[in-house]
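Welcome! Please take a look at the sequence and the structure below, and then let us walk through some of the details together.

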Amino acid sequence: MEDPSKVTVFYDDRVLNHSPDVNAAFLPGRLDKRVRTILSGLNVQWKYPEHPGRIQAILDLLHREPIEGVQFAGGQVATREQLGRVHTTSYLDDVFSLRNKHAWLDVDTTAVSPGSVEAAEVAAGTAIAAVEAVVSGRTRSAFALVRPPGHHAEPVRARGFCLFNNVAVAAAHAHAELGCERILILDWDAHHGNGTQDIFWADPDVMFFDIHRAAPFYPGSGGLHEVGAGLGEGTTVNVPMPGGAGDVAYIKALNEILVPAAEYFKPDLILVSAGFDAHWYDLALNVSYEGFAAMTGIVQSLADRLCDGRLAFVLEGGYNTESLSHGVRSVLDVLAGGAVPQPRVCGMEEVDQAAAFHLSAFADEPPEG
Ligand SMILES: [Zn+2]
């Protein structure tokens, strides 16, 4: 057995082969035409934001500033059976028919390039590899460094840069094959994980907790009153946030809502849909690196208390490569045993420093006159 105190990053080069090019010749079609029309009206050079450089930036930073206790392992391809636990047969047929082609799948910018279908199979399979390693005890925690992301992908549809719902495929695999009876998924990406919510909407064995920027921010779902239905009523928990919400609000939401919900639900495994677009560089919310680290500390201690520490992260969004890479690093640092910071309201620390700098000037008696 490997050192079980370690955190393992699962990564496979094939996820870099998903590289949609907005200028390539796409399959002709209604959506293609519509997207092209929208793009041509924008009068800016539009680049596909979910590009291979995202992962490269993370790998470069981890190489430049390695973290003791973090080890790497390879990924794997998800089988059709594994994908079929959360996606319909007709959807899988459609996606597989696009192998080695350029195409738009959805009006909200989910495109494929020749390597995309395999990259998506590897992204889902690598999330499975991470979960298998955690459940078997080969690693204490895991981080699947994958793309395309997954949490917008619905059972029947690709959306928002996502082809297969990686975290859902991993959760369904843990439930079907690894003996996990109850799985908690925390989604802290800035966008609501509509696909994951949809997949487990009526499933009492998967609790889906999503904190995100509220509608009308993309994808527009994730209202407070969306709580699941049927047998799964109550196992969907949405915490919509106003634009600009930051560390203190996020940490309060996790401590005051996630923690009691998880203690009630008693998961065997905790998964995190970890997007880093809630960082202020991505301009929607105001979470800092210390905020991501503090949230990691909260879920890590939940996992330790409730499920023998079984905790796996799956990368979702984050489009500024600087904040994406440093955000991932701040999570890995805590998973590897680093100190958990206690973030304050942005600017408070600077005010304290400025006070220390200036106040001595006013401590003496004021000059006469
Ligand atoms: Zn996102």
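Strands here are DSSP runs of E with at least two residues, helices are runs of H or I with at least four, and both are numbered from the N terminus. Residues are numbered from 1 along each chain as its sequence is written. This is a predicted model, in which local features need pLDDT of at least 70 and side-chain atom pairs count only at pLDDT 80 or more, while totals for chains, interfaces and linings use all residues.

**The sheet**

Strand β9 (residues 269-274) runs parallel to β10 (residues 311-315), and five bridges join them. Two strands pair if DSSP finds at least two bridges between them. Helix α9 (residues 289-306) packs on the sheet, where it touches β6 (183-187), β9 and β10, and its direction makes about 165° with that of β9. Contact requires C-beta atoms, placed from the backbone, within 7 Å. Angles run from 0 to 180 degrees between N-to-C directions, with axes fitted to C-alpha atoms, for helices over the stretch in contact.

Stepping back, the open sheet has eight strands in the order β2-β1-β5-β10-β9-β6-β7-β8, with parallel pairing. Its edge strands, each pairing on one side only, are β2 (70-73) and β8 (236-241). On average, neighbouring strands are turned by 15° against each other, direction ignored.

The parallel pairs described here are these:

| Strand pair | Bridges | Opposite residues |
|---|---|---|
| β7 and β8 | six bridges | F208 and T236 |

Five of the six residues of β8 are buried. A residue is buried if 20 or more other C-beta atoms lie within 10 Å of its own, exposed if 12 or fewer, and partly exposed in between. In the loop between β7 (206-213) and β8 sits G228. Why does G228 count as buried? Because G228 has 21 C-beta neighbours inside 10 Å. Not counting residues up to four places away in sequence, G228 touches W201, A202, E233, G234, T235 and T236.

**The core**

The largest nonpolar core holds 101 residues, of which A127, A130 and A144 touch the most other members. Helix α5 (residues 116-136) gives the largest share of this core, 14 residues. Such a core is a set of buried Ala, Val, Leu, Ile, Met, Phe, Trp, Tyr and Cys residues joined through C-beta atoms within 7 Å. Leaving aside neighbours within four places in sequence, A130 has contacts that include F10, F143, A144 and A312.

Conventions:
Two residues are in contact if their C-beta atoms, placed from the backbone, lie within 7 Å.
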